[in-house]
Amino acid sequence: MSKAPTMPYAATLHVRDACLCLHLQRAARALARHFDEALRPAGLTNGQFSLLMALNRPQPPAIGAVAALLAMDRTTLTAALKVLERRELIAIAPAPDDRRSRLLSLTAAGMAALARAMPIWTRTHAALEGKLEDVGPDALRAALRMIAA
């Protein structure tokens, strides 16, 4: 009978303290919970707010463009879109030049939800940036963009 390999507990502590991925995941989850709670009165989650905001543009974008912007796979995005479509916050229509492609747009109800949520997001975001004064929010954003590139 072979002995299973072991991993020293010191390795676990090292990963816990040093792993950028773990620290980013924890921060992202904490921020998501914070914004979910803040946006609840507007009837949106932070993900729904981001998705509606991604659709707030002069021309309706294709699903692929929104997926790229939000760094989401198309399957996950499609599931999120269905929820917003059922709530009549967005419309999904075939592209006139390629009927296989779908274009996404905000409905009047979607624009109203976004308008209700925006002041909440602004206050919440400003409060969080205030906590990061010593770190520098712009430097943090720049570092995160480098990682995401």
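At what angle do helix α1 and α2 pack, and how far apart are their axes?

**View 1. Packing of helix α1 against α2 in the predicted model.** Helix α1, which spans residues 9–18, packs with α2 at an angle of about 55 degrees, and the two axes lie 6 Å apart. Because angles of 65 to 115 degrees count as roughly perpendicular and those under 35 degrees as roughly parallel, α1 is described as oblique to α2. On the α1 side, the contact is formed by V15, R16, D17 and A18, which meet L20, L22 and H23 of α2. Sorted by class, this contact comprises four nonpolar residues, one polar residue and two charged residues.

**View 2. The largest pocket of the model.** The space in this pocket amounts to about 1,400 Å³. Its lining consists of 28 residues, and those nearest the pocket centre are A28, L31, F35, H125 and L144. Two or more lining residues come from each of the elements α2 (20–39), α3 (46–55), α4 (63–70), α6 (108–131) and α7 (137–148). By class, 20 nonpolar residues line the pocket, together with four polar and four charged residues.

View 3. Beyond its neighbours within four places in sequence, A62 is in contact with S101, R102 and L103. The C-alpha atom of A62 is separated by 8.0 Å from that of A95, a residue 33 positions away along the chain.

Note on methods
Residues numbered from 1 in each chain as written. Predicted model: local features only at pLDDT ≥ 70, side-chain atom pairs only at ≥ 80, totals over all residues. Heavy atoms only, no water. 1 Å grid on protein atoms, 1.4 Å probe; cavity = no way out; pocket = protein on both sides within 12 Å on 5 of 7 lines; lining within 4 Å. Points joined across faces, edges and corners; volume = space filled by probe spheres on them. Helix = DSSP H or I, 4+ residues; strand = E, 2+ residues; numbered from the N terminus. Nonpolar A, V, L, I, M, F, W, Y, C, P; charged D, E, K, R; others polar. Axes fitted to C-alpha atoms, helices over the stretch in contact; angles between N-to-C directions. Parallel < 35°, antiparallel > 145°, perpendicular 65-115°, else oblique. Contact = heavy atoms within 4.5 Å.
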